[in-house]
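Reader: Please show me the model. I have some questions about it.

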Amino acid sequence: MSVLIPSDRIGHIEGFGQSSGADGYVYRPTNLEQIQDCFELARKAGRKVVLRGAGRSYGDASILNEGVVLDITRMRQILSWDPRTGVIEAQAGATIEDIWRLTLEDGWWPPVVSGTMFPTLAGALAMNIHGKNNPQAGTIGEHVEEIDVLFPNGELRTLTNQDRLFYAVISGFGSLGAIVRVKLRMKKIQNGNLQVLPLRCANWDEQFAAFEKYVPIADYQVSWVDCFARGKGFGRGDFHAAWYAYDGQEHPLSLNANSQDLPDTILGFFPKSSVWRYLRWFNNRTGMRMINAAKHRSGFISEGRPFQQSLVAFSFLLDFVPDWRKSYLPGGFIQYQSFVPKERAPEVFAHQVELQQAAGLESFLGVLKRHRPDKFLLSHAVDGYSLALDFKITAGNKQRVFALAHKMNDLVLEAGGRFYLAKDSTLRPSDVEAYLGQDTLAEYRKLKSELDPGMLLTSSLAQRLDF
Amino acid sequence: MSSGSYRYAVVIGASTGIGAELVRQLAASGARVAAVARNRDRLEALVRENPEKILAYVHDVKCPAEVPELFQKITGELGGLDLFIYNAGVMPEIGANEYDFGKDSGIIDVNITGAVAWLDQAALRFDNVQHGTLVGIGSVAGDRGRQGTPVYNASKSFLASFMEALRNRLSKRGITVVTIKPGPVDTEMTAHMQFSHMMSAKDAARITLAKSHKSGEHYLKFTHKIAFWIIRNIPSPLFRKLKI
């Protein structure tokens, strides 16, 4: 007789894009023993375990049908903070927000952040997130001093960048062990504001030229791409470069966490909490074509004029409109992000957008970033560029969106590109084999069989991709 | 909408009649279906028809203590659950002057206690995950207390009332709760009865699945809807003089 899991543990969990979800038995442990208990319970009940942080992966990386969902968000204590060295130690369920709110006043900022402040450190490391400073700062894993990892084989190990395993657990999408403690080196800053330079780009050439010009001299860079534009405006968008303010002076007011808080209204009176409801009216091809065009045309107002923006406002653009993802309901959306070597990126991304336009499935948002390779086992990065795309999913278009994605995958693979599991919904096992290569997969599988001999840890993504 | 929108289904009382047809049609539409019934041989025959989609579980609904564990085992092996159908039911022949508690309690065990044991499990799960479709196969016989089969009528009346209560609890959480009230259907259960027109089990299952997407009580035929509206509204003193 197998063990019965309490029925009221079951819940529906979703990826951030809300287009994939699963029912699982949710546990939110508060200490190591409870994590071990979850592993044990799952074994006895004949179930698998999926690790979940804040659920910010867009697709199916933190969900699993009928599995035990080990949600680490209650393990979020800050264990130590040293403002002299800038090293912070926290339980891995602490979020990027927990970290910056504590350290900013002492003049320290997370060295790498995602476009939202809500991911946990565990999730950020499992996916090895990058930011808009990827070519300068690398991924978050490059700033980690040590991690504690609890493996399903019962071992609790402390790993540093001297351990080969460190490079597999970070980037290992939560499939090797549960990261439970993190020691992270923060970035010293004097000013809570960035100096931001906006530039309008009329086409793909100008976009890539802007990156090549500013990557060597800026601290951050990112560009928005209008995927609806054709003809002369094909590949147009707005590029932003940003710098930490190095004027040698402290700016204590800007380092106050409260000064960073995003306004709760738009234009001073419109409550942001309800914006997603109105966004729904525009969340269609016509509406998004208009918004993209209006955004580009209005770019002349700030064109070439540097301005100051808080670190929070610049970094966490996804948090600017609360609940914006609800405007994609009922079908949700997928994000598609591919990474292509710099020599081939202009051609591949242009081709991807052409395919979208031909299919009438333009991405509602396109974001271009520069990247550098790293040493992590399942790395997504290349010496090149990534283009992130948001596709609305409906009952009627799902098959066509996936068919489009598969065509785009082929272009990326042919150009020697890679993919990012935090964003993925559309890869097939053969795609993963192609971009990671046999040697990497063999090394991953060897580690997996040693650390998780019962194959306890998995996810809908891992099952889909035959990891 | 068609039955094709379900991915994981459970049918209790699946070896014959409407239940077996529900299993066949759900499996044919692409769903993975757990067929639960007493008769192993019949279940195995059903599995052989579509072994990739149909999973068999031998269980007697007169053993409600088995339900929590079996429910969890089934949902685990299916890989999820979005449609749960309680179809088990018995209607033994009852004589005009027969008041046999042994026989009657057997009806209560299957039609009421078994239904509550299973539907409670499914309702608890759907309440937590906030999606799913719950179907109870009742009967037009539950609309009035009739002379012929008192406990069977009362059991189907219980089921309709129980399903309505579940519907009132769960529909606000996005769960579809459906009571199906078939009239006479050509199955083993009605083999001892004589009706001029009986619906085939195949049609009954097809219409049941088609109607399963909308919360509420559904008759399988429009004529039943009209006829039973009239029957429900016949005053009791008059109804007791009628032989319907």
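Reader: How many bridges pair strand E8 with strand E10 of chain A?
Author: This is a predicted model, in which local features need pLDDT of at least 70, side-chain atom pairs count only at pLDDT 80 or more, and totals for chains, interfaces and linings use all residues. Residues are numbered from 1 along each chain as its sequence is written, with chains lettered from A and ligands numbered from 1 in the order in which they are written. Strands are DSSP runs of E, at least two residues, and helices are runs of H or I, at least four, numbered from the N terminus; two strands pair if DSSP finds at least two bridges between them. E8(A), residues 144-150, and E10(A), residues 178-185, pair in the antiparallel sense, and the bridges number six.

Reader: Which residue of E10(A) is the bridge partner of Val149(A)?
Author: E8(A) covers residues 144-150. In E10(A), the partner of Val149(A) is Ile179(A).

Reader: In what order do the five strands of this open sheet of chain A lie?
Author: The pairing is antiparallel. The edge strands, each pairing on one side only, are E5(A) (78-82) and E9(A) (156-159). Neighbouring strands are turned by 10° on average, direction ignored. The order is E5-E6-E10-E8-E9.

Reader: What angle does helix H1 of chain A make with E10(A)?
Author: H1(A), residues 32-45, packs on the sheet and touches E8, E9 and E10 of chain A. A contact needs C-beta atoms, placed from the backbone, within 7 Å. Axes are lines fitted to C-alpha atoms, for helices over the stretch in contact, and angles run from 0 to 180 degrees between N-to-C directions. The angle is about 145°.

Reader: Which helix lies across E5 and E6 of chain A?
Author: E6(A) spans 87-91. The helix covers residues 96-103 and runs at about 35° to E5(A). It is H2(A).

Reader: Which residue of E4(A) stands opposite Val26(A)?
Author: Three bridges join E2(A), residues 21-27, to E4(A), and the two run parallel. E3(A), residues 49-52, also pairs with E4(A) in the parallel sense, over four bridges. There Val50(A) stands opposite Val69(A). The residue opposite Val26(A) is Val69(A).

Reader: Are the residues Val68(A), Val69(A), Leu70(A) and Asp71(A) of E4(A) buried or exposed?
Author: Buried takes 20 or more other C-beta atoms within 10 Å of a residue's own, exposed 12 or fewer, and partly exposed lies in between; C-beta atoms are placed from the backbone. Val68(A) and Leu70(A) point one way, Val69(A) and Asp71(A) the other. All are buried.

Reader: Which strand gives the most to the side of chain A that touches chain B?
Author: In this interface, 12 residues of chain A are in contact with 14 residues of chain B. The chain A side divides into three nonpolar, five polar and four charged. With three residues, the strand that gives the most is E1(A), residues 10-14.

Reader: Why does Leu134(B) count as buried?
Author: Leu134(B) lies in strand E5(B), residues 133-137. Leaving aside neighbours within four places in sequence, its contacts include Phe84(B), Leu119(B) and Val177(B). Leu134(B) counts as buried because its C-beta neighbours inside 10 Å number 24.

Reader: What is the mean pLDDT of chain B?
Author: pLDDT is the predictor's confidence in each residue, from 0 to 100. In chain B, 98% of residues reach 70 or more. The model scores ipTM 0.89 and pTM 0.93. For chain B, the mean pLDDT is 94.

How values were computed. Contact = placed C-beta atoms within 7 Å. Nonpolar A, V, L, I, M, F, W, Y, C, P; charged D, E, K, R; others polar.
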